[in-house]
Amino acid sequence: MKKLLMAIAGSTLLLAACSGEEAGESGETVDTAAGEEVYTASCLSCHGDNMEGASGPALEGYTADEVLSAIEEGPGAMPANIVEGEDAQIVAAYVEDES
Ligand code: HEC
């Protein structure tokens with residue numbers, strides 16, 4: 001029983017160490033993680049795992065502004081305002097960086 005408790009305490013510490021590391025890094029790193037999260041939830045199904053394209057085109061070389069207006073306008077078959085506000089800005093920056 002004592003061993004089990006120690007194992008639980010140990011893994012909790014490990015988890016705390018990991019998330020602490022992420023939050024402690026520069027804002028950019030945190031935004032990238034958040035951007036990836038929004039991308040995965042809202043864009044991946046149409047633009048592919050690595051932005052290589054699927055039912056939507058590959059996302060390559062777009063600036064954050066271009067991505068933002070695509071999100072607002074919903075060109076062609078893409079739904080408009082699929083994400084809004086801060087999420088839209090975060091994912092736009094992420095697409096600009098990663099594509
Ligand atoms: C339901 C499928 C779908 C989803 C979800 C989707 N898109 Fe698209 N997207 C498309 C299609 C289809 C096009 C091509 C539209 C056209 O020009 O005919 C497109 C085009 C684009 C373009 C290019 C616009 C241009 O003017 O060339 C960008 C940038 C883009 N999408 C970003 C995103 C981002 C970022 C997300 C997530 C927030 C997203 N898309 C979610 C289907 C989707």
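Predicted model: local features only at pLDDT ≥ 70, side-chain atom pairs only at ≥ 80, totals over all residues.

Residues are numbered from 1 along each chain as its sequence is written.

Around the ligand there are 23 residues, the closest being Cys-43, Cys-46, Gly-56, Gly-76 and Met-78; a residue counts here if its C-beta atom, placed from the backbone, lies within 6 Å of the ligand. Two or more residues of this shell come from each of helix 3 (44-47), helix 4 (64-73) and helix 5 (85-98), where helices are DSSP runs (H or I, at least four residues) numbered from the N terminus. Helix 4 gives the most, with 4 residues.

Helix 5, with its 14 residues, reaches 20 Å from its first C-alpha to its last, and among its buried residues are Ile-90, Val-91 and Tyr-94 (buried means 20 or more other C-beta atoms within 10 Å of the residue's own, exposed 12 or fewer, with C-beta atoms placed from the backbone). The axes of helix 4 and helix 5, which are lines fitted to C-alpha atoms over the stretch in contact, come within 8 Å and cross at roughly 130°. That makes helix 4 oblique to helix 5, since angles under 35 degrees count as roughly parallel, over 145 as roughly antiparallel, 65 to 115 as roughly perpendicular and the rest as oblique.

Asp-49 is found in the loop between helix 3 and helix 4, and Asp-49 is exposed because 10 other C-beta atoms lie within 10 Å.

Notes. Expected span 1.5 Å × (residues − 1). Axes fitted to C-alpha atoms, helices over the stretch in contact; angles between N-to-C directions.
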